[in-house]
Amino acid sequence: MADHDIRVLDETQVRAAHTLFRGSLHTAPAPDEKWEQVKGTYEPGRTLGAFQDDELVGTAQSWAAGRLAVPGGDVPLAAVSRVGVRTDWTRRGVLSALMRRQLRSFQEAGEITATLRASESTIYGRFGYGVASRGRGVKIDRYRAALLPSPGTGGRIRLVDKDTALTLAPRIYEAAGLTRPGATSRWPAWWQLNLPRAFDENGKLAVHRGPDGDDGFVVYEVKSSSPSGHGNWVLTVLDLVAATPQVWAELWRFVFRVDVVDEVVGDLRPLDEPLEWLFADRRVVKVTEVEDETWLRLVDVPAALAARAYGRAEPVVIGVRDRYLPENDGTYRVTPDGAERTDRPADLALDVDLLASTYLGDVPFSTLAAAGRVDVLDHTALPRADALFGTSQSPWAGTFF
Ligand SMILES: CC(C)(COP(=O)(O)OP(=O)(O)OC[C@H]1O[C@@H](n2cnc3c(N)ncnc32)[C@H](O)[C@@H]1OP(=O)(O)O)[C@@H](O)C(=O)NCCC(=O)NCCS
């Protein structure tokens with residue numbers, strides 16, 4: 001039993017938490033000027049501190065992140081970030097105590113799901129977070145990339161300055177909507193932290209304007225691999241938001257028209273993004289990696305299961321184990337019409353982090369079963385569970401934090 005206690009930090013304590021977090025990732029404290037920009041991105045009442053006597057030894061914070069798109073609907077979401085334990089206090093249960101308290105606070109706030117991005121992939125499974133969406137890295141040699149002819153959108157793409165971007169981009173994002181499972185709202189602190197940072201690092205934001213107004217944008221940066229500027233010039237797509245598939249294609253075509261660029265890359269793009277189909281030669285799109293994107297926690301399993309739509313298949317009963325929130329333990333009957341608790345015996349049983357990996361459709365139950373990660377009590381249940389939980393689109397958030 002660790003001899004520390006967990007408290008909600010007030011605004012006079014948050015800077016110390018920020019410094020502790022940065023230190024845990026080997027980064028120096030934020031100078032005054034930087035802190036002035038960052039302090040507003042801590043939401044009051046959502047930063048936890050772990051104390052040994054009166055000394056801060058660990059921290060975790062979260063944002064009320066709005067909504068998470070799930071198949072057929074959306075659910076309230078919390079976003080966890082700035083998690084760190086002081087180096088001389090690790091492996092004594094500090095993070096475990098912070099996570100336990102934070103999950104309780106999400107329950108109290110009615111946030112039935114929580115998400116994070118993990119610095120190391122071995123940390124969060126034990127707390128019930130599972131990988132619920134992945135993204136692929138892509139690399140395209142611009143000199144080999146012949147775009148197929150396109151009628152275009154008839155719209156116009158223009159570069160905008162930072163202030164205009166800060167006004168327009170959130171509006172365009174919201175109007176475009178959460179169009180695939182895994183997409184989330186973008187909370188004010190997200191915009192405040194990410195868009196200015198892109199501009200400060202010489203990023204550009206180009207807005208597409210169609211007949212009904214601004215309906216998409218792309219954020220990109222171009223860097224040379226050599227300080228002399230004679231190396232490979234690489235354009236990285238940092239963010240791409242489009243109201244329609246036509247606008248999506250037009251924004252990609254735009255980045256391939258940017259001059260003095262040898263290579264175009266994108267990180268954590270959707271697994272099923274149809275980029276290859278823009279080119280005469282599909283092989284120009286090289287997939288460089290596939291990485292975990294969304295780490296998802298089903299905080300309230302019955303509410304989360306009830307909130308999503310299911311495919312057409314005979315019902316299946318799923319047993320769920322949750323070490324941190326035992327009220328989620330139990331069996332749930334899932335049918336094309338919904339999901340609810342049941343007293344029936346489970347056909348399949350698994351831990352709550354793995355349930356999160358199936359929840360948005362990222363991984364079929366049969367894949368987990370093949371790896372021995374699901375208890376299969378009735379083999380005929382696997383194809384039924386795959387059909388019920390499967391989705392036509394790959395889940396993807398597209399919002400990194
Ligand atoms: C990750 C971190 C917060 C863990 O804090 P901690 O207080 O040491 O964690 P705990 O003592 O509560 O560990 C709980 C369990 O997780 C395991 N664990 C914790 N961090 C781990 C890591 N980085 N890799 C693998 N296992 C880890 C512990 O071994 C322990 O396992 P057990 O339950 O089987 O005994 C801390 O190491 C840290 O600050 N790291 C640097 C910053 C960072 O990576 N933050 C996360 C940003 S997403």
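Are Arg 297 and Asp 322 buried or exposed?

Reply: Both Arg 297 and Asp 322 are buried, where buried means under 20% relative accessible area, exposed over 50%, and partly exposed in between (1.4 Å probe, protein chains only). Before going on, please note that this is a predicted model: local features need pLDDT of at least 70, side-chain atom pairs count only at pLDDT 80 or more, and totals for chains, interfaces and linings use all residues. Residues are numbered from 1 along each chain as its sequence is written, and side-chain values use heavy atoms, with hydrogens and water left out.

Now for the pair itself. Arg 297 and Asp 322 form a salt bridge, with 2.8 Å between the closest N and O atoms; the term stands for a side-chain nitrogen of Lys or Arg within 4 Å of a carboxyl oxygen of Asp or Glu. In general, side chains of opposite charge can pair when their charged atoms come close. Arg 297 belongs to strand β12 (residues 285-298), while Asp 322 is in the loop between β13 (316-321) and β14, so this pair links distant parts of the chain, 25 residues apart. Helices (H or I, at least four residues) and strands (E, at least two) are DSSP runs, numbered from the N terminus.

Strand β14 deserves a stop too. Within β14 (residues 330-335) you will find Thr 331, which counts as buried because its relative accessibility is 16%. A polar atom of the Thr 331 side chain lies 2.7 Å from the backbone oxygen of Thr 342 and 3.3 Å from the backbone oxygen of Arg 344. Residues up to four places away in sequence aside, Thr 331 touches others including Val 317, Ile 318, Gly 319 and Ala 346; contact means heavy atoms within 4.5 Å.

Gly 361, which follows α8, has a positive phi near 95°.

Back to the charged pairs. A search of the whole structure finds 26 salt bridges. One of them joins Asp 200 and Lys 162, the closest N and O atoms being 3.2 Å apart. Asp 200 is in helix α5 (residues 188-200) and Lys 162 in helix α4, so this pair ties together parts that are 38 residues apart in sequence. Asp 200 is exposed, with a relative accessible area of 55%, and Lys 162 counts as partly exposed at 31% relative accessibility. You can compare another pair, Arg 384 and Asp 378, whose side chains meet in a salt bridge (3.4 Å, N to O). Here Arg 384 is buried, at 19% relative accessible area, whereas Asp 378 is partly exposed, at 24%. Asp 5, Arg 7 and Asp 54 are linked in a network of salt bridges.

Helix α4 (residues 162-176) also holds Leu 166, which is partly exposed at 31% relative accessibility. Its neighbours within four places in sequence aside, Leu 166 is in contact with Trp 191, Leu 195 and Pro 196.

Finally, here is the wider setting. The chain is divided into domain 1 (5-116), domain 2 (136-291) and domain 3 (300-389), with bounds that come from an automatic or database domain assignment. Taken over C-alpha atoms, the centres of domain 1 and domain 2 are 30 Å apart. Between these two, 15 residues of domain 1 are in contact with 11 residues of domain 2. The area buried between domain 1 and domain 2 (accessible area, 1.4 Å probe, that two parts lose on being put together, summed over both) is about 950 Å², and carbon and sulfur atoms give 69% of it. On the domain 1 side, Thr 41, Trp 63 and Ala 69 lose the most area to domain 2, together 42% of what that side buries. On the side of domain 1 that touches domain 2, β3 (55-70) and β4 (73-85) each supply at least two residues, and β3 gives the most, with 8 residues.

Definitions and conventions: Polar contact = N/O pair within 3.5 Å; in protein donor to acceptor, adjacent residues only side chain to side chain.
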